[in-house]
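I opened this model to look up how its parts are laid out, and I note below what I found in the order in which I looked.

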Amino acid sequence: MNWFNIALYLVSVLAVGISFVKDKQKTRMAFKKAFKSLENILPAMLVILMVIGVTMAWITPEVISSLIGESSGIWGVMVASFLGSITLIPGFIAFPLAANLLKLNAGYTQMAAFISTLMMVGVVTFQMETKYLGAGLALKRNVAAFIYSVLIAFVIGGLMIWLP
Amino acid sequence: MAAMIKRYRMFFLLVIINLIILFSGFEQGPIAFKAAALNLKEMLLVLPPIFILMGLLDVWVKRETMIVWMGDKSGFKGMSLAFLLGSAAAGPLYAAFPITYTMAKKGVSITNILVFLGAWSTLKIPLLLFEFSNLGVKFTLIRLFFNVFAIAFLSWLVKGLMTERDHRAFEESIVKNDALSD
């Protein structure tokens with residue numbers, strides 16, 4: 001458990017404590033709402049978690065390395081953006097992976113595209129997003145995030161060379 | 001019981017697939033399983049406190065108050081709050097979607113909800129620190145610099161590109177989730 005989770009729990013316990021002292025009934029209602037919305041999302045959440053497991057068996061760091069590492073230029077950026085969009089790799093695996101790829105001579109542009117799309121675009125989670133934002137808004141958010149990720153990748157790639 | 005099995009059938013099916021991958025001698029089997037298990041642990045750890053905080057927000061903070069703070073006319077203050085809330089986050093982006101429901105219900109503007117999602121996806125402080133240590137200060141700072149402006153701009157842009165139908169679908173999703181959580 002990292003310090004961040006500890007802080008999250010401390011804040012929650014404190015908030016619940018204050019709420020409980022002020023109004024037991026309201027606190028009970030808050031718990032009921034929390035439980036219901038958690039139960040509401042849990043099946044979809046668990047499915048996504050398991051999909052991560054299945055995709056990680058196929059789209060391994062080696063596969064990603066071979067796909068992004070070798071293809072350079074615009075083609076490489078497109079491959080990286082596509083991979084970042086469809087995969088769901090947690091940050092604690094993605095960043096070391098990206099660092100490794102850079103050592104293997106992958107470009108910063110490709111890495112930036114991969115990381116940005118990985119964080120902002122979610123194909124696997126799209127259905128869940130639709131449930132909360134509606135299909136139109138969810139689609140527009142993802143498309144905007146994708147275009148931005150590709151564009152900014154070139155800017156970052158350029159600046160990494162140009163800046164001292 | 002039958003209803004529960006039906007609700008979780010996809011999950012059980014995927015657990016079985018994961019177990020098959022694990023035991024079928026796939027080179028990646030153990031790594032894939034470990035990634036799924038680590039994610040599961042992280043989610044089970046982080047979700048309950050987040051949802052309880054959302055529940056407390058729901059019962060304690062009045063809609064009128066939230067509209068003043070983060071509603072359509074909240075301006076710079078509202079957007080700054082959305083940035084702060086998003087970057088103080090824990091967990092992957094898909095954990096943020098249920099939170100947007102409570103925000104929308106309380107009258108937080110769509111632009112600010114999008115800013116919150118944007119900040120959650122790329123400005124999470126623990127993740128930024130990890131990016132620093134792996135990819136270097138220069139790379140992280142350049143990305144951070146552009147992302148802050150882009151999140152504000154893209155949120156405004158996406159909100160502006162919404163059609164009547166998108167707005168209706170958004171409202172409907174709030175109503176639907178409302179029925180499920182009361």
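I began with chain B, where the centres of domain 1 and domain 2, taken over C-alpha atoms, are separated by 29 Å. Domain 1 covers 1–48 and domain 2 covers 61–181, with bounds that come from an automatic or database domain assignment. I note that this is a predicted model, in which local features need pLDDT of at least 70 and side-chain atom pairs count only at pLDDT 80 or more, while totals for chains, interfaces and linings use all residues. Residues are numbered from 1 along each chain as its sequence is written, and chains are lettered from A and ligands numbered from 1 in the order in which they are written.

I found B:Gly78, B:Met79, B:Ala82, B:Phe83 and B:Gly86 buried in H5(B). Seen down the axis, these buried residues fall within an arc of 140 degrees, so they line one face of the helix; the arc is that of the directions from the helix axis to the C-beta atoms. The face turned away from the buried side carries the exposed residues B:Phe76, B:Lys77 and B:Leu84. Here buried means 20 or more other C-beta atoms within 10 Å of the residue's own, exposed means 12 or fewer, and partly exposed lies in between, with C-beta atoms placed from the backbone. The cover over the buried residues of H5(B) includes H4 (63–70), H7 (110–122) and H9 (137–161) of chain B.

I then turned to chain A, which has 8 helices and 0 strands. Its radius of gyration, taken over C-alpha atoms, is 20 Å, well over the 15 Å that the globule rule gives for 164 residues, so chain A is more spread out than a compact globule; the rule is 2.2 Å times the number of residues to the power 0.38. Buried residues make up 42% of chain A.

Last, I checked the interface, where 66 residues of chain A are in contact with 72 residues of chain B, contact meaning C-beta atoms, placed from the backbone, within 7 Å. H2(A) gives the largest share of chain A's side, 24 residues.

Technical notes
Two residues are in contact if their C-beta atoms, placed from the backbone, lie within 7 Å. Helices (H or I, at least four residues) and strands (E, at least two) are DSSP runs, numbered from the N terminus.
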